[in-house]
Amino acid sequence: MKILHTSDWHLGRTLYGKKRYVEFEAFLSWLTSTIQLHQIDTLLIAGDVFDTSTPSHRSQELYYRFLCDVSGTCCRHIIVIAGNHDSPSFLNAPKSLLRALNVHVVGAITESPEDEVITLYDESNTPQAIVCAVPYLRDKDIRKVEPGETLEDKNIKLVEGVKQHYNRVCSIAEGKQKNFENAGYTGIPIIAMGHLFTMGGKTIEGDGVRELYVGSLAHVGKDVFPSSIDYLALGHLHIPQCVAGTQYIRYCGSPIPMGYGEASQQKKVVIVEFKDSTMGIHELEIPCFQKLERISGSLDVILAKIDQLKLEKSSAWLEIEYIGKDVISNLREVCNEAVIGTEMEIRRIKNKRVIDKVMCAMQEEETLDDLDVREVFKRCLDAHNVPNEKRTDLINSYNEIVKSLYEKDINAE
């Protein structure tokens with residue numbers, strides 16, 4: 001059996017206001033072809049299918065058309081779990097209909113852990129694998145709030161909640177595995193899925209990866225996951241990586257660069273093959289569907305790099321960061337003129353000189369693209385001269401409120 005592990009599509013995501021549907025469509029087309037080329041039996045999508053809980057019609061069209069296309073290939077099973085960006089009720093809404101296409105959707109945990117345990121069968125109804133499809137575990141799913149808790153108390157309970165949930169779900173899978181062995185089906189692997197932040201996980205500036213729990217301490221270690229798991233397909237972090245030196249616990253990463261911090265990163269999917277009681281894992285590189293280039297330096301360096309890209313007939317989207325000493329009052333005009341007649345687009349110009357930010361406010365006007373919600377609150381504290389000794393509790397309370405807003409499923413009713 002061959003499994004392909006992918007995650008963090010973030011369908012609908014924009015880049016400084018630029019829609020990226022052409023890239024998403026190209027990736028999904030490539031993925032469909034790859035599934036056929038490598039004769040993939042099962043596709044695992046480990047969360048963050050969409051970038052928001054209310055995806056656009058175009059994003060939905062790409063998703064459902066892809067599922068329909070893949071259902072007509074050699075791929076017998078598709079398993080989708082929700083990530084922290086996804087709306088559980090939105091993903092779950094068509095799950096009964098999607099089952100007709102052999103698509104299993106787990107948007108949120110239920111009162112019955114059995115709902116997250118899926119047995120995969122081949123054409124002759126022989127069991128091939130047991131999948132523990134654990135979705136993103138929201139704070140309210142795994143932690144009981146108690147008065148007087150410290151931040152450390154909350155994080156300890158969160159990690160313990162994640163551990164207990166995986167133990168419950170995997171215990172059910174282990175029971176099924178034992179029953180299959182008794183029936184003569186040996187070597188049935190247990191594959192788990194998850195959307196979480198592991199301890200030591202690598203991230204990149206600008207990838208938009210949110211801390212999942214308040215305090216950012218609740219990063220789980222590999223000891224949280226039961227030893228019965230043969231392969232753990234994770235989502236959330238955008239860099240392809242193994243967890244804590246293991247080969248069988250992996251993030252496949254996002255399929256396209258979500259920001260300029262990921263521009264030079266090689267994107268991948270992971271193919272896992274089970275054969276004769278052995279497991280083989282290899283990464284497959286994803287083509288770049290839209291080149292992103294970050295140019296940083298003095299005006300001469302910037303223009304020289306643009307000239308080089310012209311010679312290469314580049315169609316890259318550019319982020320330009322000016323860090324020269326001179327005051328350039330018409331920086332945007334100069335850069336725009338430099339790319340005239342090319343297929344390149346300037347998506348963002350950043351002027352690092354403080355004096356320019358004051359003298360050329362209209363040229364380099366700070367927008368919400370430059371800030372996140374935490375920075376906005378910090379500036380609010382600064383503006384009201386809140387003393388440092390009072391900030392920790394205020395920031396933690398604010399982060400809890402923001403987290404509850406992110407996790408509210410606005411499609412539930």
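**Entry 1: Glu283 and Arg250**

I began with the salt bridge between glutamate 283 and arginine 250, where the closest N and O atoms are 3.3 Å apart. Glutamate 283 sits in strand S14 (residues 278–285) and arginine 250 in strand S12 (residues 249–251), so this pair ties together parts 33 residues apart in sequence. I looked up the accessibility of both ends. Glutamate 283 is partly exposed at 33%, whereas arginine 250 is buried at 7%. A note to myself: this is a predicted model.

**Entry 2: other salt bridges**

How many salt bridges does a search of the whole structure find? My search gave 16. One of them joins lysine 18 to glutamate 345, with 3.3 Å between the closest N and O atoms. Lysine 18 belongs to strand S3 (residues 18–19) and glutamate 345 to strand S17, so the pair links parts that are 327 residues apart in sequence. Lysine 18 counts as partly exposed, with 25% relative accessibility, and glutamate 345 is partly exposed too, at 26%.

Next I checked lysine 378 and aspartate 382, whose closest N and O atoms are 3.4 Å apart in their salt bridge. Both residues lie in helix H10 (residues 373–383), 4 residues apart, or about one turn of the helix. Lysine 378 is partly exposed at 40%, and aspartate 382 is partly exposed at 34%. I also found a network: Glu25, Arg58, Glu61 and Arg65 are joined by salt bridges that share partners.

**Entry 3: strand S17**

Glutamate 345 made me curious about its strand. Is S17 (residues 345–351) mostly covered or mostly open? Mostly covered, I found: 5 of its 7 residues are buried. Strand S16 (residues 317–322) runs parallel to S17, and 6 bridges join the two. I picked out glutamate 319, whose bridge partner in S17 is arginine 348. Between S16 and S17 the chain passes through helix H8 (residues 331–338), and this β-α-β crossover is right-handed.

**Entry 4: helix H7**

I then turned to H7 (residues 299–311). Its 13 residues reach 19 Å from first C-alpha to last, close to the 18 Å expected at 1.5 Å a residue. Which residues of H7 are buried? I listed Leu299, Ile302, Ile306 and Leu309. Looking down the axis of H7, I see these buried residues fall within an arc of 90 degrees, so they line one face of the helix. Their cover includes strand S15 (292–297), S16 and H8. Exposed Asp300 and Leu311 are on the face of H7 turned away from its buried side. Last, I noted lysine 313, which follows H7 and has a positive phi, near 55 degrees.

Technical notes: Residues numbered from 1 in each chain as written. Predicted model: local features only at pLDDT ≥ 70, side-chain atom pairs only at ≥ 80, totals over all residues. Heavy atoms only, no water. Buried < 20%, exposed > 50% of the residue type's maximum accessible area, 1.4 Å probe, protein only. Pairing = 2+ DSSP bridges. Right-handed = clockwise from strand over helix to strand, strands pointing away. Expected span 1.5 Å × (residues − 1). Arc of directions from axis to C-beta. Contact = heavy atoms within 4.5 Å. Salt bridge = Lys/Arg side-chain N within 4 Å of Asp/Glu carboxyl O.
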